[in-house]
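This report looks at salt bridges. The structure comes first, and the text follows.

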Amino acid sequence: MGDIKTKLKYYIRSNEITCSLLNLYFAIRKGGIKNIKTMINNEIYNHHCRKPWYVDKDELKRQKASQVKYDIKVAFIVDCKDGLSNEILRTLDSISNQTMENWLVCCVNCSEENKEKIDQYTLNNKVNGLFYVGNIFIDFIEKNNISYIGKLMAGDVLHPFFMYRMIEEADKSQSEIIYCDDNSFEKNIKKADTPRYKPDFSVDTLYSYNYIGRSYIMSTDIYKKAGSGDISGMDVFLYAIENNLKVSHISDILYYEDKEVRKRISIDDLLRNENVSLQRHFEKMNVNASIEKTTFKEVRHIKYDINDNPLVSIIIPNKDHIEDLSRCINSIINKSSYKNYEIIVVENNSTEKETFEYYEKIKRENKAKVCIWEDEFNYSAINNFGKDFSNGEYIVLLNNDIEVISENWIEEMLMYAQRDRTGAVGCMLYYPDDTVQHAGVIVGIGGIAGHSHKHFKRGEKGYCDRMAAVQNMSAVTAACMMTSRKCFEEAGGLDEKLKVAFNDIDYCMKLRKAGYDVIFTPFAEMYHYESISRGYEDTSEKEARFRSEVNYFMDKWGDVIRRGDPYYNPHLTLRYEDFSLK
């Protein structure tokens with residue numbers, strides 16, 4: 001975390017009582033006392049979500065009464081390798097306690113001792129046990145008309161609602177893979193303390209690390225075609241990508257992992273196997289890429305080959321502040337390992353003599369072009385204007401208060417921007433005190449959008465490793481954003497009705513609507529001396545302009561914001577930028 005104030009906020013919100021009181025206070029401020037009943041109901045729901053292993057009794061009755069409408073059967077494969085008998089029976093208990101009854105269980109890799117205990121368990125309970133070798137299981141699922149398969153490690157526990165929610169989603173969406181959020185416990189499941197609230201299916205996030213884990217079910221068709229037996233979760237997800245299959249996400253914790261069991265698994269072997277699967281996947285997709293390690297063991301750094309040597313145009317709007325602009329340009333020139341770039345400074349109503357002297361100097365030294373914008377300040381229009389003076393196949397929108405840290409920042413962004421499916425790429429920005437200013441944008445925070453992991457310390461891995469991983473986002477900041485000229489022109493550039501605020505968010509949302517991905521990479525790092533150039537919204541005129549842009553943006557994208565950011569999670573806060581619970 002960053003400063004003391006941030007730490008204090010985090011401490012207050014980590015306490016359930018103060019968290020609930022704060023949420024109610026802010027909700028009343030926003031919606032008024034007349035909505036108090038709705039606010040309390042929402043807070044009760046949020047409280048239950050913060051509490052591990054909450055089972056609503058009314059919902060339990062409803063699910064048991066309504067299960068007859070679903071004709072979907074699930075087979076659970078329980079891997080008993082190295083599992084203790086009490087762990088195996090705990091997993092079987094959690095399956096037996098599902099509100100749905102149309103399931104079968106197959107225990108594999110069992111010792112003779114555990115087989116005897118499982119046989120005794122199946123006599124006393126409603127569990128169907130099967131021990132198989134090779135392809136016998138394929139015959140079994142066809143004979144028993146199995147629709148979906150779930151794979152568990154002995155010791156893991158399913159919430160009583162797991163199967164109902166999975167089948168309900170399967171019936172509604174016809175998805176080939178369905179996954180949910182999960183938690184981890186040690187000895188006492190009611191004290192589970194590692195909730196993982198996940199984004200919706202995110203291809204590049206998955207490439208970086210397997211954020212889905214074991215909490216999923218897959219169609220029997222995937223199981224048979226992707227490879228049975230020791231097929232890993234990564235193989236399943238990559239097969240879905242290769243075949244453009246539908247993947248759904250249930251935003252609730254329905255799966256609990258046993259930490260003791262996880263300790264017995266060789267993480268090195270697991271990651272090695274995932275890397276082999278991923279490399280094979282890239283070969284199938286005709287993608288030239290290598291996989292490198294990072295500071296954090298479970299996070300991969302994918303390095304894509306850069307095609308040819310395309311020209312990158314770096315557009316920097318500027319009004320005076322030559323010290324900042326000089327630092328920015330010098331850092332690009334002195335640190336960038338990629339050399340095929342051009343710098344276009346868009347002059348915007350500067351008044352200081354030194355500014356124009358500096359322009360002449362950088363033009364004379366062939367460091368940058370300078371084009372003159374003579375109208376009023378309009379960030380969108382200035383960048384659109386600068387694009388017309390550029391020649392690059394790729395464009396970087398860059399603030400003049402940026403200082404490059406990573407030598408390979410252009411390569412790290414270009415490797416994604418060059419892909420046909422990528423619309424925009426953003427980077428990691430730090431304040432001068434080495435705390436995070438931007439690690440991607442989450443739509444909905446603060447009513448419109450907020451920066452991921454703001455004020456976290458540089459070098460941390462963030463929430464569920466997300467600060468350390470390349471990932472899909474809904475938007476990134478134009479303080480440093482790379483996009484292709486093709487995408488920029490297809491999207492109509494930045495919306496000039498958004499003169500100052502939200503133009504970068506709007507641009508990314510236009511790209512997302514057109515089917516493009518937006519990518520954040522932490523491997524391109526820069527300092528951002530935020531608001532040095534323009535100052536804050538501290539006059540009545542600026543405040544009025546800001547309100548008008550808020551209204552315009554919400555008229556345009558309000559429905560999208562209300563649906564929620566697919567790369568966030570509805571159980572996480574929209575008030576703060578630290579991934580705390582609501």
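Are Arg562 and Asp559 buried or exposed? Both residues are exposed, where exposed means over 50% relative accessible area, buried under 20%, and partly exposed in between (1.4 Å probe, protein chains only).

The model is predicted, so local features need pLDDT of at least 70 and side-chain atom pairs count only at pLDDT 80 or more, while totals for chains, interfaces and linings use all residues. Residues are numbered from 1 along each chain as its sequence is written, and side-chain values use heavy atoms, with hydrogens and water left out.

The structure holds 48 salt bridges, each a side-chain nitrogen of Lys or Arg within 4 Å of a carboxyl oxygen of Asp or Glu.

| Pair | Closest N to O |
|---|---|
| Glu242 and Lys284 | 3.7 Å |
| Asp506 and Lys556 | 2.8 Å |

Helices are DSSP runs (H or I, at least four residues), numbered from the N terminus. Glu242 is partly exposed at 25% relative accessibility, and Lys284 is exposed at 54%.

Asp506 in helix α19 (residues 503-513) and Lys556 in helix α20 (residues 540-563) also link distant parts of the chain, 50 residues apart. Here Asp506 is buried at 0%, whereas Lys556 is partly exposed at 34%.

Arg562 and Asp559 are three residues apart in helix α20, so about one helical turn separates them.

Terms used:
Helix = DSSP H or I, 4+ residues; strand = E, 2+ residues; numbered from the N terminus.
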